[in-house]
Amino acid sequence: MVKSGATTGRVAMVETHTDFNIWSPLAAIRCNPSRADKRFIYFYLQSKEFQTGVELSWSFGTQQNIGMGVIQNLAVPLGTIPEQTAIADFLDRETGRIDTLVTKKRRLIALLGEKRTALISRTVTRGLPAEAAREFGLKPHTRFKDSGIEWLGEVPEGWEVVKFSREVKIAEGQVDPEREPYSTMVLIGPEHVEAGTGRLVSEATAEDQAAISGKYYCHKGEVIYSKIRPALRKVVKAKNDCLCSADMYPLGGRDKLLNDYIYWLFLSDQFAAWSVLEADRVAMPKINRNTLNELRLPVPVGSEQAAIATYLNRETAKIDQLFTKVEAAIVRLLEYRTALITAAVTGKIDVRGKADKQGLTRTDRTDPN
């Protein structure tokens with residue numbers, strides 16, 4: 001059981017025939033086999049009843065923690081060994097079914113992420129699919145040329161390949177986040193951006209974050225790119241004027257390059273492959289300003305950049321909606337799992353005999369969706 005840190009209270013069952021050591025933030029809990037079925041104890045420690053007891057009992061230093069003496073004094077209700085075994089058998093079976101469903105849904109989330117990235121990567125380097133091109137009044141691309149750039153490969157014949165510094169401006173000069181109007185502006189750091197999706201997951205002002213060192217000023221619509229650990233693909237569009245960390249670059253397109261196209265290009269597999277290769281050449285993985293300025297970019301001509309941005313906004317939104325639904329289903333399954341465990345280990349449901357008389361062993365009852 002974890003007894004220190006953000007995951008305090010989390011448990012796992014270890015099956016081994018050899019001695020082993022554990023890390024200090026963990027507690028090893030052993031059962032008296034004459035009084036307790038270890039599987040029952042394992043499930044009880046996952047119940048809402050026990051977890052609430054943990055939350056009420058932990059203390060805070062630099063992080064939450066619960067002492068060994070406190071753990072030993074937490075109450076555990078025990079029936080007879082046969083009753084405990086029956087409950088453990090029931091929960092083994094039912095939580096196994098729930099866990100299988102959760103695994104399938106998590107795999108679906110992974111596949112959706114792969115589909116999203118593949119869609120972005122193909123579109124920003126090969127152009128719109130034929131049907132989408134015609135929808136936007138454009139001719140589908142049928143001829144391609146070697147870009148002359150290893151990470152990029154072939155691009156549509158009519159596209160240009162230009163130096164980054166020629167078409168994109170990286171903001172220079174920093175502002176003091178302790179002074180108005182900057183202190184009350186949203187400050188975006190790499191930790192606020194979801195890896196690989198381009199989504200901003202949280203917001204806070206410079207003042208709320210107690211920011212003291214210089215930050216970049218970002219204009220609405222500019223692209224904010226994290227130069228640190230580029231393999232994470234942390235890039236986001238500024239919804240409003242804001243500040244960003246010195247570990248990020250505010251980027252703005254010049255005459256030929258739209259900000260929206262830059263945003264999608266930076267989320268592509270091709271750009272990520274280039275950035276990782278470049279970052280690996282230094283001790284701290286990052287993309288410096290000079291390296292970025294030397295990059296050569298594909299530039300769709302005319303109205304195609306705007307069409308690509310509109311198309312990707314629409315198509316990724318569809319994937320994101322499905323992604324959100326699957327995530328919500330996982331949350332419901334895990335809540336149901338905890339509720340089922342809690343009900344069984346506290347005797348609120350009788351699992352002796354044929355558990356199916358409660359309708360709880362049917363597969364369709366295991367998925368609350």
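## Charge

Lys and Arg count as positive here, and Asp and Glu as negative. By that count, the protein carries 51 positive and 46 negative side chains. The centres of the two sets lie 3 Å apart. The model is a predicted one.

## Overall build

The protein contains 11 helices and 13 strands. Its radius of gyration is 27 Å, while the globule rule gives 21 Å for 369 residues, so the protein is more spread out than a compact globule. Along the principal axes, the C-alpha atoms fill a box of roughly 75 × 50 × 40 Å.

The accessible surface comes to about 20,000 Å². Carbon and sulfur atoms hold 51% of that surface. Of the 369 residues, 43% are buried.

## Nonpolar cores

In soluble globular proteins, nonpolar side chains tend to be buried together. In this model the largest nonpolar core has 75 residues. Leu-91, Phe-164, Leu-251, Phe-266 and Leu-292 touch the most other members. Helix H10, residues 304–345, supplies the largest share of this core, with 14 residues. A second, separate core has 10 residues. Val-193, Cys-218, Cys-244 and Met-248 are among them.

What does Phe-164 contact, leaving aside neighbours within four places in sequence? Its partners include Leu-251, Phe-266 and Leu-292, three residues also listed with Phe-164 as touching the most other members of the largest core. Phe-164 is also in contact with Ile-170, Asn-293, Leu-295 and Leu-297.

## Helix H7

Helix H7 spans residues 259–266 and is mostly covered. Six of its eight residues are buried. Which ones are buried in H7? They are Tyr-261, Ile-262, Tyr-263, Trp-264, Leu-265 and Phe-266. Phe-266 is also one of the residues that touch the most other members of the largest core.

Asn-259 also sits in helix H7. Not counting residues up to four places away in sequence, Asn-259 touches Gly-221, Glu-222, Val-223, Leu-251, Gly-252 and Gly-253. Asn-259 and Gln-305 are 46 residues apart along the chain, and their C-alpha atoms are separated by 9.6 Å.

## Backbone exceptions

Most residues other than glycine have a negative phi, and most peptide bonds are trans. Some places in this model depart from that pattern. The peptide bond from Glu-180 to Pro-181 is cis, with omega near 5 degrees. Pro-181 lies in the loop between strand S6 (168–170) and strand S7 (187–188).

Arg-229 is not a glycine, yet its phi is positive, at about 45 degrees. Arg-229 belongs to the loop between strand S9 (223–226) and strand S10 (235–237). Arg-233 is in the loop between S9 and S10 too. Arg-233 also has a positive phi, of about 55 degrees, without being a glycine. Is Arg-233 buried or exposed? Buried means under 20% relative accessible area. Arg-233 has 18% relative accessibility, so it counts as buried.

## Two loop glycines

Gly-189 is found in the loop between S7 and strand S8 (216–218). Its relative accessibility is 4%, so Gly-189 counts as buried. Not counting residues up to four places away in sequence, Gly-189 touches Ser-245 and Met-248. Met-248 is a member of the second core. Gly-189 and Tyr-311 are 122 residues apart along the chain, and their C-alpha atoms are separated by 28 Å.

Gly-158 is in the loop between strand S4 (154–156) and strand S5 (160–163). Partly exposed lies in between the buried limit of 20% and the exposed limit of 50%. Gly-158 has 48% relative accessibility, so it counts as partly exposed. The C-alpha atoms of Gly-158 and Ser-226 are separated by 31 Å. Along the chain, Gly-158 and Ser-226 are 68 residues apart.

Methods. Residues numbered from 1 in each chain as written. Predicted model: local features only at pLDDT ≥ 70, side-chain atom pairs only at ≥ 80, totals over all residues. Heavy atoms only, no water. Helix = DSSP H or I, 4+ residues; strand = E, 2+ residues; numbered from the N terminus. Rg over C-alpha atoms; globule rule 2.2 N^0.38 Å. Buried < 20%, exposed > 50% of the residue type's maximum accessible area, 1.4 Å probe, protein only. Areas by Shrake-Rupley, 256 points an atom, 1.4 Å probe, with all protein chains shown as cover. Charge placed at Lys NZ, Arg CZ, Asp CG, Glu CD. Core = buried A, V, L, I, M, F, W, Y, C linked by side-chain atoms within 4.5 Å. Contact = heavy atoms within 4.5 Å.
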